Amino acid sequence: GCLNNCSAHLGQGQCRGDRTNATCLCKVGFTGDDCSKSACPAGCSGHGVCEQKDDGAAACRCDRGFGGPSGDCSQRICVDGCGESLGRGKCDEALGICTCQFV
């Protein structure tokens, strides 16, 4: 059988297969051997690490230079605002890179 019946009592997964070769099929938003863990948005897009919070929720810890409005680490972002407040740089938001401005 499947480990913890794939958390089916919580509506998080279903057990597929027979007694000797059973696996969990997790519903969207859940992961793990028994579908008991929350999944991160878009798997952090390959630019971050999925961390489980104490309340059971999951969130991406994005690599430096990546972020995004949904927290999925899918977009390049300008680090530290490119010094724009000091008039030292400008952020190209489409590319997520800084361009220095010489004074």
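**View 1. Gly-17 in strand S1.** Gly-17 sits in strand S1 (residues 13-17); strands here are DSSP runs of E, at least two residues, numbered from the N terminus. With a relative accessible area of 65%, Gly-17 is exposed (exposed means over 50%, buried under 20%, partly exposed in between; 1.4 Å probe, protein chains only). Val-28 is eleven residues away from Gly-17 in sequence and 19 Å away in space, C-alpha to C-alpha.

A quick note on the model: it is predicted, so local features need pLDDT of at least 70 and side-chain atom pairs count only at pLDDT 80 or more, while totals for chains, interfaces and linings use all residues. Residues are numbered from 1 along each chain as its sequence is written, and side-chain values use heavy atoms, leaving out hydrogens and water.

**View 2. The Arg-61 and Glu-51 salt bridge.** Searching the whole structure turns up one salt bridge (a side-chain nitrogen of Lys or Arg within 4 Å of a carboxyl oxygen of Asp or Glu). Here the side chains of Arg-61 and Glu-51 meet at 2.6 Å, N to O. The pair ties together distant parts of the chain, ten residues apart: Arg-61 belongs to strand S6 (residues 58-62) and Glu-51 to strand S5 (residues 48-52). Arg-61 is partly exposed at 48% relative accessible area, and Glu-51 is partly exposed too, at 28%.

**View 3. Asp-72 in its loop.** Asp-72 lies in the loop between strand S7 (66-67) and strand S8 (75-76). Asp-72 is buried yet has no salt bridge. Its side chain does make polar contacts (N or O atoms within 3.5 Å, one able to donate a hydrogen and the other to accept it; residues adjacent in sequence count only if both atoms are side-chain atoms) with the side chains of Ser-70 (3.3 Å) and Ser-74 (2.8 Å).

Conventions
Helix = DSSP H or I, 4+ residues; strand = E, 2+ residues; numbered from the N terminus. Lys, Arg positive; Asp, Glu negative; His and termini not counted.
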